[in-house]
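Student: Can you walk me through this one? I have not looked at it before.

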Amino acid sequence: ERIFVKENNRMKKRVIGFTCVCMAVLMIGMTVFAASASFNTYLPIHQGDNEISTIKKESTYDYFMVNFSSIGSGTTKVCVWTEKPGGGNYSSPSKQVGTGMNVVKYTTTPEVGKNVVLNMDNPVYVSYTVPVSGVWTPN
């Protein structure tokens, strides 16, 4: 009976492991096929709304992703948010993120097929422009 329980536990662990791997591959695959855009720009002196790019939303996810490959000197974080073309925010303009992959929740999730505008700003009052580069997707 002990051998049966031990083998049963091994099988459960294998099934759970296989399921986790499948879910990870599925999530990565969905993200890979979502529209994305790269950016390489300068954030304005002091603070101000800088519209980076507009992309059509292609999924029902309730978040967007921004991957900063670099943020220039003077700050380690950048404010990122999304809005509707012509105004009206989909997410909070006070969200600060750093370099690397950042997942940001929408406060109002845009419908599939709607255009989403990425905005950025310096989180602090600086007297020079801050270079930023990376890629983003509205999912």
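Tutor: Proline 85 is in contact (heavy atoms within 4.5 Å) with Asn115 and Val117, leaving aside neighbours within four places in sequence. This is a predicted model, where local features need pLDDT of at least 70, side-chain atom pairs count only at pLDDT 80 or more, and totals for chains, interfaces and linings use all residues. Residues are numbered from 1 along each chain as its sequence is written, and side-chain values use heavy atoms, with hydrogens and water left out.

Student: Where is proline 85 found?

Tutor: In the loop between strand 4 (78–83) and strand 5 (96–97). Strands here are DSSP runs of E, at least two residues, numbered from the N terminus.

Student: New topic: what is the strand order in the open sheet of 4 strands?

Tutor: The order is 1-8-3-6, with antiparallel pairing. Two strands pair if DSSP finds at least two bridges between them. The edge strands, pairing on one side only, are strand 1 (37–43) and strand 6 (100–105).

Student: Over how many bridges do strand 3 and strand 8 pair?

Tutor: Strand 3 (residues 63–71) and strand 8 (residues 130–137) pair over 6 bridges. Methionine 65 has threonine 137 in strand 8 as its bridge partner.

Student: And which residues does phenylalanine 39 contact?

Tutor: Leaving aside neighbours within four places in sequence, its contacts include Ile52, Phe68, Leu118 and Trp136.

Student: Which residue is the bridge partner of methionine 65, again?

Tutor: Threonine 137, in strand 8.
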